[in-house]
Amino acid sequence: MNKNIALVLSGGGARGMAHIGVIEELEARGYTITSIAGTSMGALVGGIYAAGKLTEFKEWAISLDRHDMFRMVDFSFGGNGLIKGEKVLSKIQEFIPDALIEDLPIPFSATAVDLKHREEVVFTKGSLFSAIRASISIPSVFTPITSENAVLVDGGVMNNLPISNVKRTDGDMLVAVRVNAAIPVPHHFYEKEDRTEKESTYKKWMNEFYDFLHINIRKRKRSNSDFFHLWIRL
């Protein structure tokens, strides 16, 4: 049996961290990921995996507390998004150097969308982190990547599971991971003895983070309204 896999990772915000577990389980079962494509959070996790640095990224991510997260939120008060996103990627680049996509050990693509021309943009070469930054630019949340010819935002606007953008090889298997699928979690998945405590801590952390965001949202200028309406019409 050929155990080569062409892996496709969806967007999904914080849920996209589940992609790490998927990759670890595939490798634990003896599969080899021979190519990878991702959108938004899937592009971030997939790109870092393709660079061979997933372990370092995971260790850094699980070491963060809510204060670390708040410190990496760089608000944009004059652009077309709430957060610039530069602090997070700069922090990641401290231990995961940028690279050219075409030089990565396995083929990788990151999917974004050009709002100006209303078309999909697939990065298969050039700066890894520039491609990731474009792919994670959630409209009205992260500022878009702009130039004279394009306004690049999150690929999930048009294609949240970019199956068509992964490189295939003879005999490989296609595995697509959609973290926002409405599949109930089995009751036995949880450990009863600490479930309540974990849920309570998580909800407290999320409530504090949302309060923090809402306070700053109210302070923002409303200069992104035209941009947001354009995204809604797509």
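Over which residues does pLDDT stay under 50? That stretch is residues 219-234, for which the model has 30 contacts beyond four places in sequence. The structure is a predicted model, and the protein averages a pLDDT of 78, with 66% of the residues scoring at least 70. Its secondary structure comes to 8 helices and 9 strands.

**Confidence and overall make-up**

- Confidence in the protein is lowest in helix H8 (residues 225-233), where the mean is 40.
- Strand S1 (residues 4-9) holds the highest confidence in the protein, at 97.
- Where pLDDT is low, the predicted coordinates should not be read in detail.
- The protein has 234 residues, of which 40% count as buried.
- When contacts between residues at least 6 apart in sequence are considered, 73% of them join residues at least 24 apart.

**Strand S1 and its partners**

- Strand S1 is largely enclosed by the rest of the structure, because 5 of its 6 residues are buried.
- S1 runs parallel to strand S2 (residues 32-39), and 6 bridges join the two.
- Within this pairing, Leu9 stands opposite Gly38 of S2.
- S1 also pairs with strand S9 (residues 173-177), in the parallel sense and over 5 bridges.
- Leu174 in S9 is the bridge partner of Ala6.
- Together with helix H1 (residues 18-28), strands S1 and S2 make a right-handed β-α-β unit.

**Helix H1**

- His19, Ile20, Ile23 and Leu26 are the buried residues named for H1. They lie on the same side of H1, because they cover an arc of only 130 degrees around the axis.
- An α-helix has 3.6 residues a turn, so residues three or four places apart point the same way.
- The buried residues of H1 pack against S1, S2, H2, H3 and S9.
- Gly30 follows H1 and has a positive phi, near 90 degrees.

**Helix H3**

- In helix H3 (residues 54-63), the buried positions are Leu54, Phe57, Trp60 and Ala61. An arc of only 130 degrees around the axis takes in these residues, which puts them on the same side of H3.
- Thr55, Glu59 and Ile62, on the other side of H3, are exposed.

**The largest nonpolar core**

- The largest nonpolar core has 39 residues, and Leu7, Phe57 and Ile92 are those with the most contacts inside it.
- At least two residues of this core come from each of S1, H1, S2, helix H2 (41-50), H3, helix H5 (86-93), strand S4 (108-114) and helix H6 (128-135).
- Helix H2 gives the most to this core, with 7 residues.
- Ile92 is in contact with Leu44, Ile48, Phe57, Trp60 and Phe129, leaving aside its neighbours within four places in sequence.

- Most residues other than glycine have a negative phi, and most peptide bonds are trans.
- Ser40 is not a glycine, yet its phi is positive, at about 55 degrees.
- Ser40 lies in the loop between S2 and H2. With a relative accessible area of 6%, Ser40 is buried, since the cut-off for that class is under 20%.
- Not counting residues up to four places away in sequence, Ser40 touches Gly11, Ser135, Ile136 and Asp154.
- Arg118, likewise a residue other than glycine, has a positive phi near 55 degrees.
- The loop between S4 and strand S5 (119-123) contains Arg118. Arg118 is partly exposed, with a relative accessible area of 42%.

Conventions. Residues are numbered from 1 along each chain as its sequence is written. This is a predicted model: local features need pLDDT of at least 70, side-chain atom pairs count only at pLDDT 80 or more; totals for chains, interfaces and linings use all residues. Side-chain values use heavy atoms; hydrogens and water are left out. Buried means under 20% relative accessible area, exposed over 50%, partly exposed in between (1.4 Å probe, protein chains only). Helices (H or I, at least four residues) and strands (E, at least two) are DSSP runs, numbered from the N terminus. The arc is that of the directions from the helix axis to the C-beta atoms. pLDDT is the predictor's confidence in each residue, from 0 to 100. Contact means heavy atoms within 4.5 Å. Two strands pair if DSSP finds at least two bridges between them. A crossover is right-handed if, with the strands pointing away from the viewer, the path from the first strand over the helix to the second runs clockwise. A nonpolar core is a set of buried Ala, Val, Leu, Ile, Met, Phe, Trp, Tyr and Cys residues joined through side-chain atoms within 4.5 Å.
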